[in-house]
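Let's take a walk through this protein together. Have a look at the structure below, and then we'll go through some of its parts.

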Amino acid sequence: MRTGETDAVFQPHFSLTSPTHVVVLGAARSGLAAALFLKSKGYHVSLSDAGTIAEETCEALRTHGIPFEQQGHTQTFLTQARFMVASPGIPLTAKPYQWAESAQIPVVSEVELAWQFLQQSSQPPRLVAVTGSNGKSTVVSLLEAILKQSGFTAAACGNIGLPMIHCVELHESRPFDFLVLEISSFQLETTYSLKPHCALLLNLYENHLDRHGDMETYFSLKSRLFRCQDTRDLAILSGENGWCQALGMSLKQKQLGPQVQFFNTAVQVKDAHLYYQDQPLMPVSSVRLQGQHNLENIAAVLLFSEHLNLPASLLCDVLATFQGMPHRLEPVGQWQERYFINDSKSTNYLAAEKALASMSRPVVWIAGGQDKGGDFSSLAEWVQKKVKHTVLMGASQEIFSRALIQSGYNQITRVEGMEAAIHAAVEHADPGDTILLSPATASYDAYANFEARGDHFKHHVFQFLSES
């Protein structure tokens, strides 16, 4: 079953006003939050996880009377449901969804579930939703910060960490003016009725092709974020990315479609100042968020700010203090003028390219993990330009090594594990060099997520610094 062909199968037909039996797939943050929320609303909830559930999570499920299974899904356990809450980590070709299809059980994402509950609120918050291949978390965090700076109550949620369903619960007691949602293609697979007041597509590049198969399917999934929008809503897209331009033109031709605005290189650096539409904003030295790629992120946020008639000075105030996301070009420490940078959030080739492009010093690059596929040639060019030595680890070692050697680059060391990677990088680094963890891959070959990978990097760097 192709990802782009699942609507007819999984389009939900259920009423949230009539509590019924629900099975939640996965005991990670969003799955557990959905299970506990539904239980509090009177639903009969079960939970199924293919792996081992942490004991504290098991105890929480027992305390709330939620039956669960772990270390594998069973058909009988799953097909007792009247609808199923999907885990974004499970591809739609997996057995649980095949069983759901055979039993005609609707499958919804935790985001879809949260959205439908929000629509029952007497005063639902306005939703700003952000997707793209790169930059989502940075833009979501900037949007949340500028909304709060403007006096609105706002919360960032979704793929950035806080489950959207948890915000529904918070909204019932402390209403939000805005929710700012980071949403991935995995979540959009089983999201149907989401209607953001403002939806942003920051960019679209080769990513997750190991799951989606081709760019057309990936693009189709990202486009779903905009399909329920109407003339009261706003679509903000990159004016320089071909996929975004094509979507924008399609939305403009849609009868009763959303307003469409493009951001592009309206943000520039000139005379040591940040400029927006040829007007000076602030000195570059006052901007904590560094990197050429962040100019596009700032441009997207400024366009949204204009939509709300917020002064650009508000974003300047935020940019003067906003230091970026953890695990995204995060300084960790230095040893004998060798600088350690944690960019574990680099989970695809383009993110690693952006990281390398932002480096002003020679780089010893630590890379590798679970490869997502795509064209490696552009990343190889940046390695040629910026990287004096590469340390490869993880499941993609052979793929990366072969691709780099084919490009004419052979300064490569292969190791097993993070600690060995750090020691190998130090051996090849000279004073003034940057030791950059920017894996260009997913983390799932060795870690639960990119955060765990970045934390492990920092742990071993701190250990190295304390022993040196």
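Ring pairs link Phe37, Tyr43, Phe83 and Phe117 into a cluster. Rings of Phe, Tyr and Trp (its six-membered ring) pair if their centres lie within 6.5 Å; planes under 30 degrees apart count as stacked, over 60 as edge-to-face and the rest as tilted. Keep in mind that this is a predicted model, where local features need pLDDT of at least 70, side-chain atom pairs count only at pLDDT 80 or more, and totals for chains, interfaces and linings use all residues. Residues are numbered from 1 along each chain as its sequence is written, and side-chain values use heavy atoms, leaving out hydrogens and water.

The structure holds 10 aromatic pairs. Take Tyr349 and Phe376: their ring centres are 5.2 Å apart and their planes sit at 80°, so this pair is edge-to-face. Tyr349 lies in helix α15 and Phe376 in the loop between β17 and α16, so the pair ties together parts that are 27 residues apart in sequence. (Helices, H or I of at least four residues, and strands, E of at least two, are DSSP runs numbered from the N terminus.) Both Tyr349 and Phe376 are buried, meaning under 20% relative accessible area, while exposed is over 50% and partly exposed is in between (1.4 Å probe, protein chains only).

Now find helix α19. Its buried residues include Phe450, Phe457 and Phe464. Down the axis of α19, the buried residues fall within an arc of 165°, so they line one face of the helix; the arc is that of the directions from the helix axis to the C-beta atoms. On the face turned away, α19 carries the exposed Ser466 and Glu467.
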